[in-house]
Every structure is written in structure tokens, then in C-alpha cells.
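Below is a walk through one protein model, taken helix by helix.

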Amino acid sequence: MLWGLSVFAMSAGTAVVPVFSAEVYLVSVVLTQAGPPWWVLGPVAAAGQLLGKAVHYLAARGVVRLPGLLNRAGRGEGWRWPRRLHELCERHPVSGAGMVLLSGLVGVPPFAAVVLAAGMLRSSLVVWLPSAVLGRVARFCLLAAVPELLRFSAPLVGGAPT
């Protein structure tokens, strides 16, 4: 239980202030502790990440004020991509949901950027949240399961013991 709480707290904290990788922390907990199984820690890490990213989403919408992090007045021509992404999502809703899913699962485009774009464009949570949840849960479950899968396959890699 304590390890689950630590994974949740670390995931939420690193989502707001990315000074450490939630993925690295999750895998290190799975490797070093006899705590909850991967199918518990994966969704817990995803919930923490989504809670933390909700702060960025709300800040981009202007609901939460984060001084200096989201200065709208300082954006130049480089910030046209959120508008283009929004137009793509309106023309092809399945493509937009697919992009959020892909971003949540593999991180391309960066999930933090997709969350900020969704907030700046005032996208509804109902539109992008299901894809984000599915992508993040799948990502963290896969990451938490890999060490266990490698433990099971280790004897096969080295051959039969003598």
C-alpha cells in the first residue's frame, strides 16, 4: 500500500514539475520492492500522472494561475501548432483521439504538449480524457510489467542451467 501511494505521489509530482521521470521511479519500485503487482501500480501511476497533467490543462485554460509557466503574451509564431492540431481534431475527431492515445502511450508527440494544447484550445475533457486515460494506463502497465516479464524469461535467455 505504501509503495502504491509513493508511486502515485511521485507520478503526480513529476507531472506538475518534471524534475524526475515517473517511469524510472515506477520501474525501480517494481524491480526493488515486493509491493503491489504491475496491474495495480500501472493504473496508480497513470492516475497520478493524469492528476498532475490536469494542473497543466487547467492552467492552459486560465482556470489555475501558474506564474511564469504559461505566459500567453510571450508566444510568437512558433505557437501556431496548437491551432493546427485543433483544426485537425475538429475535421477528423477519430484522428484527434488517436493522436492523444498515441501521445499517452508512446509520448509522440510529447504528452505534456498535447495536454497544454488541449487546455489552450479549450478542448472538452469529455473529448480527450478517455484517450488520454487509455494511453497512460497502457503505458504505465506495460512499463511496470516489463521487469516481471524479464524475470520469467531470464532462464530462457541464458540457456538451460547445468
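**Helix packing in a predicted model**

Helix α1 (residues 2-16) packs against helix α2 (residues 22-32) at an angle of about 165 degrees, and their axes are 9 Å apart. That angle makes α1 roughly antiparallel to α2. Angles under 35 degrees count as roughly parallel, over 145 as roughly antiparallel, 65 to 115 as roughly perpendicular and the rest as oblique. The axes are lines fitted to C-alpha atoms, for helices over the stretch in contact, with angles from 0 to 180 degrees between N-to-C directions. Helices are DSSP runs (H or I, at least four residues), numbered from the N terminus.

This is a predicted model, in which local features need pLDDT of at least 70 and side-chain atom pairs count only at pLDDT 80 or more, while totals for chains, interfaces and linings use all residues. Residues are numbered from 1 along each chain as its sequence is written, and side-chain values use heavy atoms, with hydrogens and water left out.

On the α1 side, W3, S6, V7, M10, S11 and T14 meet A22, Y25, L26 and V29 of α2, where contact means heavy atoms within 4.5 Å. By class, this contact of α1 with α2 has 7 nonpolar, 3 polar and no charged residues. Ala, Val, Leu, Ile, Met, Phe, Trp, Tyr, Cys and Pro count as nonpolar, Asp, Glu, Lys and Arg as charged, and the others, Gly among them, as polar.

Helix α1 also packs against α3: their axes come within 7 Å and cross at roughly 30 degrees. That makes α1 roughly parallel to α3, and the crossing is right-handed. Residues of α1 in this contact include W3, G4, V7 and F8, and those of α3 include L41, V44, A45 and G48. The residues of the contact of α1 with α3 divide into 12 nonpolar, 7 polar and 1 charged.

The axes of α3 and α6 come within 7 Å and cross at roughly 40 degrees. These two helices are therefore oblique to each other, and α3 passes α6 in a right-handed crossing. Here L50, K53, H56, Y57, A60 and R61 of α3 meet F111, A112, V115, L116, A118, G119 and M120 of α6. This contact of α3 with α6 divides into 9 nonpolar, 2 polar and 2 charged residues.

The structure holds 1 aromatic pair. The ring centres of Y57 and W128 are 5.1 Å apart and the ring planes are at 50 degrees, so the pair is tilted. Rings of Phe, Tyr and Trp (its six-membered ring) pair if their centres lie within 6.5 Å; planes under 30 degrees apart count as stacked, over 60 as edge-to-face and the rest as tilted. Y57 sits in helix α3 (residues 38-61) and W128 in helix α7 (residues 125-158), so that the pair links distant parts of the chain, 71 residues apart.

V108 and P109 are joined by a cis peptide bond, with omega about -5 degrees. P109 lies in the loop between α5 (93-106) and α6 (111-120).

The mean pLDDT (the predictor's confidence in each residue, from 0 to 100) of the protein chain is 82, and 80% of its residues reach 70 or more. Over residues 153-162 the pLDDT is below 50, and beyond near neighbours in sequence this stretch has 0 contacts in the model. Where pLDDT is low, the predicted coordinates should not be read in detail.

Note on methods:
Left-handed = near helix turned anticlockwise from the far one by under 90°.
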